[in-house]
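This short report is meant for a reader who is meeting the structure for the first time. Please keep the sequence and the model in view while reading.

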Amino acid sequence: MKTLHLWSACLLLTACAGAPPTPRAAPGVKLYAIHCGRVELGDSGFMADDGSMKGVPAETVVPCYLIRHPKGDLLWDSGLSESIADLPDGMRPQGQPVHFEVKKKLTASLGELGLAPADVEFVSFSHLHFDHAGNANLFAGSTWLVDAEERDAAFSEQAVQRGEVPHYSALEHAKTVRIEGDAPYDVFGDGAVTIHQAPGHTPGHTVLLVKTAKSGAVLLTGDLWPLPQSRERQLVPVYNFNREQTLESMKRVEALARDSNARVIREHVPEDFAALPAFPAPLE
Ligand SMILES: [Zn+2]
């Protein structure tokens, strides 16, 4: 989720239905849902290019997810920059009907699990907008799993001109795995945690499928459906990279959810976040 006119504010800071168990789930996979901020929108009109959300306020959550697997840890999406937590009233960009807030730093949450960013082996993002990669620079020592097209766009001339690079600039020289083609990327080699193509929001937007032993499969869908209304009504944000790709990705991810009997988590939707175990308890 973003609006183009929010970049300047971002830069200032960042310089700125219960699924049954699945046979391929790896015992010991744990999914932690970490609160990494909230965004209050006075007007969510930019979230739907059919104009249907014009003037409608929205309350959104900004999550981070830590997946702990016997073979290592994966951070999926890193939330808003934790530097916002140092601002007493969060951030209210002048003239914009929006309020960003971070109540607890990601590093503090990881610390509760006895982890520092340097301990996290793998990092990946649904996409690189500032509310997903806001703390990316803390993970320059991790292996970055990234869609090839997202990686190419990340450090392009256009990204530099739009001022998008600073909040993930440290990843430029990180150990990187470029995910090429349409096939799912199997993070740990046992089918328990897989990254799937879902482009359209950005050139290389992806979603994550996590298979847990007791709670079944969970699908973390990035910004495919940013608002509670987005999925049912197939709303496409006005700032998406490609409208047709977005609609095609919605179909593909719906099929993936059906085939894997996965619980769909719309990452910015508070009720989906609240339905997961409250940190530091994991879904397992
Ligand atoms: Zn977002």
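## The sheet

In what order do the seven strands of the open sheet lie? In this predicted model, the order is 4-1-2-3-5-6-7, and the pairing within the sheet is mixed. Strand 4, covering residues 98–101, and strand 7, covering residues 176–179, stand at the edges, and because each has a single partner strand, one side of each is left without a neighbour in the sheet. From one strand to the next, the twist averages 25 degrees.

Elsewhere in the order, strand 5 (residues 122–124) pairs with strand 6 (residues 143–147) in the parallel sense, over three bridges. Within this pair, Phe122 has Thr143 of strand 6 as its bridge partner.

## The disulfide

How many disulfides does a search of the whole structure find? The search finds one, and it is formed by Cys36 and Cys64, whose sulfur atoms are 2.0 Å apart. The link of Cys36 and Cys64 is left-handed, with -125 degrees about the S-S bond.

Technical notes: Residues numbered from 1 in each chain as written. Predicted model: local features only at pLDDT ≥ 70, side-chain atom pairs only at ≥ 80, totals over all residues. Heavy atoms only, no water. Pairing = 2+ DSSP bridges. Helix = DSSP H or I, 4+ residues; strand = E, 2+ residues; numbered from the N terminus. Axes fitted to C-alpha atoms, helices over the stretch in contact; angles between N-to-C directions. Disulfide = S-S within 2.5 Å.
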